[in-house]
Amino acid sequence: MKTICLFHLELCRLLKSRFTYLIIVLSVLSPVIGLILYKPAAASTMLSIYIANPAIAGGMASGIMFGMLAVFELDRAARSRVDILIYAAVSPLCMALVRILTLMIAALITLGLAMLVWLPVSKLLIGSVFGFVDYVLAYPIFMGLAMPLGILSAAAAYQFTQRADLTMVLFAAFAALSLTLWADNWQLCWLNPCVWALSDDFSNFRIFRSVVYMRLTWLVALSGVWTISWLCLRQYGKGLLGSLLLSVRRIYRPTVALILLTFSVIAYAGQPMVDNSNPDETAMLFNEVPYTEDVVCTGYTAQIFPDVNAGTLSGYTAYQFQNGSGQEQRVAFGINPGYAVSNVKANGLDVPFLVSDYQEYNEAMLEITIPADKQVELTMEYGGFPRENANMSTMQGSTEISEEYMCLENATLSPRLMNVPPDENMYPAAIEITLPYSMTLIPFGNSDAQVVAEHENGTKTWRYKRNSTGGIVYAGNYIREEVVVDGFTIEFYYGSKHKAVMESAGAVNAIKSVVDYCVEHYGYLSFGDENKLKLIQSRVLGGGYAAGGASLLDEADFTAENLSNADKGSESGEVMIHELVHQWWGLGNMFDVSYPNSLWSAEGLTVYTTYRIVKELYGEDYAQKYYVAQWQKAVDDYYLDFYVRNPEYLAALPADKQLEITDNLTYVRQYCEMPLKILKAEALVGGEEAMDKILNGLFNRELDPMYPYLTYQEFLNACGLTEEDLNLA
Amino acid sequence: MQIELKELSMTYPDGKQVLRHLNLSLKSPSLIGLLGPNGAGKSTLMKLMVAALMPTDGLILVNGQPLAKAERMLKSNLGYLPQNFGLFDELTVAQFLDYMAALKGLRSPKMTIQEAIKAVNLVEKTKSKIRTLSGGQRQRVGIAQALLGNPDFLIFDEPTVGLDPEERIHFRNLFSRTAQDRLVLLSTHIIEDVQSICDQIIVVNHGRVLFTGTPEELIQTAVGHVGAFWEKDLIIEKGLHITSRVNTRHGVRCRAVADKLPSYVKAEEPSLEDAYIYLISREAVQ
C-alpha cells in the first residue's frame with residue numbers, strides 16, 4: 001500500500017520536473033528522425049517509410065533519452081542531498097523500486113502521446129494502405145520497448161557505480177554497441193531492431209514477433225542485471241560488496257535476479273526465429289547426400305494445417321517408395337529447422353529417424369530408415385514455428401503465416417525429399433492446405449488450387465497437384481484479375497488492401513499494354529507456359545522471381561511512393577508499366593548485380609521499353625517530353641556534377657558519404673544515361689525496327705548456364721557498336 | 001519510545017574510529033541535547049540511530065528490539081533533520097511535505113502538513129516553489145518535514161543553523177513543546193539553546209560519552225573550576241583555558257576554567273558553557 005502511495009507521489013514529482021517534460025516532448029517528436037535522417041528499414045513500402053522508420057528512430061532516440069532521464073533522476077536525490085531525508089523514511093531499495101516503476105510509467109505515457117501524435121500523420125502519409133493493426137503494434141514494439149531497456153540499463157549502471165558521469169559513459173557505450181558492432185545481429189541490437197521492411201498489403205506478424213522476442217529477451221536480461229545492481233545499492237554506509245552482502249540476506253532477492261538472468265540466457269540461446277544455417281553459403285553438403293540404391297519415389301501427399309493465429313503449421317505427409325534393393329535404405333528429407341517430426345511410420349510401423357544438427361539453406365536433414373519391403377509407404381507428422389535462414393536474419397519476415405498472408409517455401413511447406421529419384425511420373429504430389437475462409441491459395445507455378453471442402457469452423461481445404469519435391473505456395477486476402485491478350489491469359493493476384501492503388505494506377509490496362517507490346521516485340525516469357533502466366537504480388541521481398549507459369553511481383557514496386565517516381569514514368573500507370581516490363585527485362589533474362597557506378601542494369605532496357613510503350617500509347621511528343629527530355633536533363637546535370645568532374649574529391653569523402661553520392665549518380669546513369677545510350681544505339685542501328693529485332697534476339701538468345709546474364713558487351717556486339725559509339729558527350 | 005545503545009562502536013572503512021563503546025539510554029518524554037566539538041562523532045551517532053549507518057560493533061535497541069528488526073517501525077516513528085540536506089527545488093513547500101508524508105506512510109496527511117507548515121511559520125510560502133526560498137526558509141521546511149506525523153522520536157542535527165535569533169527562540173520553544181510527550185535528540189553547538197530547553201545533556205568527544213545528566217549536574221561538575229582574573233595578572237599555566245575575554249575601562253577581564261584555579265583567579269559561578277568547556281578541556285588534558 002505504502003509502495004503504491006509512494007509510486008503515485010514519485011510519479012507526480014517526476015512529472016513536475018522540467019527535464020522530464022523536455023525528455024517526453026523530445027521523445028514524442030523523435031520519430032521525425034526516421035523520416036529525415038535515420039532510415040534502417042530500406043524497403044520502399046509505405047509502412048516501412050512512414051511507420052517502421054519513424055518508430056525505430058523514435059525508439060532509438062527515446063531509449064537513449066529515457067536512459068539519460070533515469071540517470072538524472074536517480075542521481076538527483078543524491079545530487080540535491082534529499083536522499084538523506086528520504087532514506088530516513090524508506091529504505092533505498094524500496095525507493096529504487098518506486099523510481100524505476102515511475103520512470104517506466106513515464107515511458108508508457110510518452111509512448112501513448114507519441115502514438116496519438118503520429119497516428120494522423122502516419123495515416124495521412126500512408127494513404128489507403130494504412131493499417132491500424134500494424135500501427136498499434138509497430139509503435140509499442142519498435143519504439144515503446146526501447147524505453148524500458150534504456151531505463152533499466154542506465155539505472156543498473158548507476159546503481160552499480162553511483163556516479164552519474166561514469167554511468168553516462170557506460171550507457172553511451174552500451175547504446176553505441178547496439179548501433180555499431182551489434183547492428184547486424186538481430187538478437188543483440190536492442191536499441192535498433194533489425195527491421196528492413198514492413199508490408200503494406202499483407203501482415204507483418206512474423207517480424208513483430210521477432211522484434212518482440214529480441215526486446216523481451218533483453219528486458220528480462222536487463223531486469224536481471226538491474227536486480228543485481230539493486231542489491232548493490234549502498235546502504236548503511238557500506239560499499240558495493242558490503243551492501244550486496246546485506247541485501248542478499250533475503251534469499252528471494254538474489255534468486256529472482258538469477259532466475260531472470262538464467263531465463264534470458266535460455267531465451268537468447270533457444271530463440272525460435274532463425275535457424276543455424278551454415279554461414280558459408282557456398283557449402284552444399286545436402287546436395288552431396290548420396291542417392292539411395294534401387295529406390296524410387298512414386299508419389300506423395302500432404303495435408304497441411306497452418307495455425308494463422310500462432311504463426312505455426314502442422315502437417316501430415318505420406319510418401320510412396322518402391323524399394324528394389326531388398327534392404328533397408330536411409331531416405332533423406334530437408335525440413336524446416338523449426339519443425340518437430342513425430343509419428344514416423346513405414347507401412348504402419350515405427351521407424352527410426354534422425355534430424356541433423358547441421359543446417360544449410362534453411363533446412364535440417366531428416367534421415368529415416370525405410371524397411372526392405374518392396375512397396376513402402378512412409379508417413380510422418382511434422383509441425384511447429386518455422387525458422388528463417390540465419391544468413392538472412394536481418395531481413396526476417398518472409399515466412400509469414402497469418403490470416404492475411406502466408407508464404408511457404410519448399411521444406412517449410414512439407415519435408416523435401418533429397419536423395420530418392422522419381423519414377424517416370426516425376427514425383428506426383430497432391431497437397432491439401434486448410435486455410436481460413438478469406439484466404440486464397442496460389443501455388444507458385446502451373447498448378448491450380450481448388451477448394452475441396454468447406455468446414456464449419458470457418459476454414460476451407462484447398463487441393464492442388466504438382467510434380468516436384470519442393471514447391472512454394474502463397475495464400476492471402478488476394479484479388480484476382482484476369483487479363484487476356486491475344487489468347488494469353490494473365491492471372492493477376494494482388495492484395496485486397498492495394499485495390500485503390502492498383503485501380504488508380506490502371507494496373508489491368510498497364511498489363512495489357514505491356515503484354516501486348518513485349519510479346520509482339522520480344523516474345524513470350526520463358527517462364528510462362530504458352531497460354532497462361534500468374535502474376536502474384538508478394539509480400540515485400542527485396543526482389544522477385546519467376547518459375548514456369550508464374551512470376552512474382554514485389555509489393556514494394558507498387559507502392560504509392562514508387563508509382564509516383566518520375567524517373568520511372570510520368571504517371572503511376574507508367575510506373576506500373578515499368579515494373580511489369582521488368583518481367584521481360586529483369587527476371588527471365590536476369591541481369592547480374594551491377595557494380596557500383598555501373599550504368600548497365602535491368603533498368604536501362606526497362607526504361608527504354610517503357611518509353612516505347614508510352615510512345616505507342618500517347619504519341620511521340622508526350623514520350624519526348626516526359627522521357628527523352630527528362631533523361632537528357634538528368635544526364636546533362638550528371639556531367640556537370642562536381643564529383644563526376646572531380647572524382648578525387650569524392651574519394652576523399654568518408655565512406656558512407658561516398659556511397660550516398662555514388663548511389664545517386666549510379667541511379668542517374670542507370671535510369672537516364674543508359675536509356676539515352678540505347679536511344680542513340682537505336683539511331684545508329686537504323687531505327688526502332690532494327691533495335692526491336694536486336695532486342696528480340698537478345699531476349700531469346702541461348703543462355704549460358706554458367707553465366708545466364710545479359711551483359712553490356714553482348715548488347716554492344718548485337719548492335720555492332722562499341723562503347724565509344726554510344727558516347728553522349 | 002526507548003532507545004538503548006550498548007557498547008556501540010563505529011569505524012569507517014578508511015579505518016577512522018568515530019565511536020567507541022558507547023552506552024546510552026534515551027527514554028521519552030525527554031529533550032536531550034547532544035554536545036561535543038566538531039568531529040566528536042555526534043552526526044555519526046545520529047546516523048546510526050536513524051539506520052543510515054550500521055555500527056561496526058555493539059547494539060542499538062529500539063523499545064527493546066534490535067534496530068535491524070525494528071528499522072521499519074523506527075522509520076515510521078522518526079522525524080529526522082540532518083545537518084546537511086537538500087530539497088526538491090521544483091516542488092512547492094506543500095508538495096514537498098506531501099511527498100515526505102507519503103514516504104513516511106501517512107494517510108490523509110493534509111492536516112498534519114498544514115500543522116507542520118504553521119509550526120514553522122511558512123504559511124505564506126505554502127505554494128511557493130522551494131527554489132525561491134531563502135536559506136532560513138529551507139531550514140524551516142526541513143524542520144517541518146521532521147515534524148510531519150508527530151513522530152515519537154525526533155532527531156535534529158544543528159536545527160537552528162541559518163535562523164535569525166527570533167526564529168531560534170521560536171524553534172527552541174517549539175522543540176520544547178514537542179518534547180513534552182516524545183523523545184527529542186538535539187545536536188547543537190549553541191549552548192544557550194541546550195541550556196534553555198534540554199532536560200538532559202550528553203557530551204561526547206573523540207567517540208566517547210563524557211557526560212550524561214541534567215544541565216544542572218553538568219554545571220555542578222565545574223563548580224570551583226571557573227574563575228575570573230585581569231589579564232595583566234595572567235601567568236601562563238598549563239591547564240588554564242580562557243573562555244572569555246572582555247575589554248573594560250580597567251583592563252581586560254578574563255574568564256577561565258581549570259582543574260585547579262591559580263591563586264590570582266577568583267572563583268565564580270560556572271555557566272553551562274563553562275562546564276562544557278571544562279569537561280572537554282579536562283578530557284584533552286587526560
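How many residues of domain 1 of chain B are in contact with domain 2 of chain B? In this predicted model, local features need pLDDT of at least 70 and side-chain atom pairs count only at pLDDT 80 or more, while totals for chains, interfaces and linings use all residues. Residues are numbered from 1 along each chain as its sequence is written, and chains are lettered from A in the order in which they are written.

Chain B is divided into domain 1 (2-214) and domain 2 (219-285), with bounds from an automatic or database domain assignment. Nine residues of domain 1 of chain B are in contact with six of domain 2 of chain B, contact being C-beta atoms, placed from the backbone, within 7 Å. On the domain 1 side, helix H7 (191-197) and strands S9 (200-205) and S10 (208-213) of chain B each supply at least two residues; helices (H or I, at least four residues) and strands (E, at least two) are DSSP runs, numbered from the N terminus. H7(B) gives the most to this side, with three residues. The C-alpha centres of the two domains of chain B lie 33 Å apart.

Turning to the meeting of the chains, 26 residues of chain B are in contact with 22 residues of chain A. Here H3(B) gives the most to the chain B side, with five residues.

In chain A, helix H22 (655-685) has a kink of about 35° centred on Arg669(A), the bend being the angle between axes fitted to the seven residues ending at a residue and the seven starting there. After H22(A) comes Gly686(A), with a positive phi near 115°.

Terms used
Contact = placed C-beta atoms within 7 Å.
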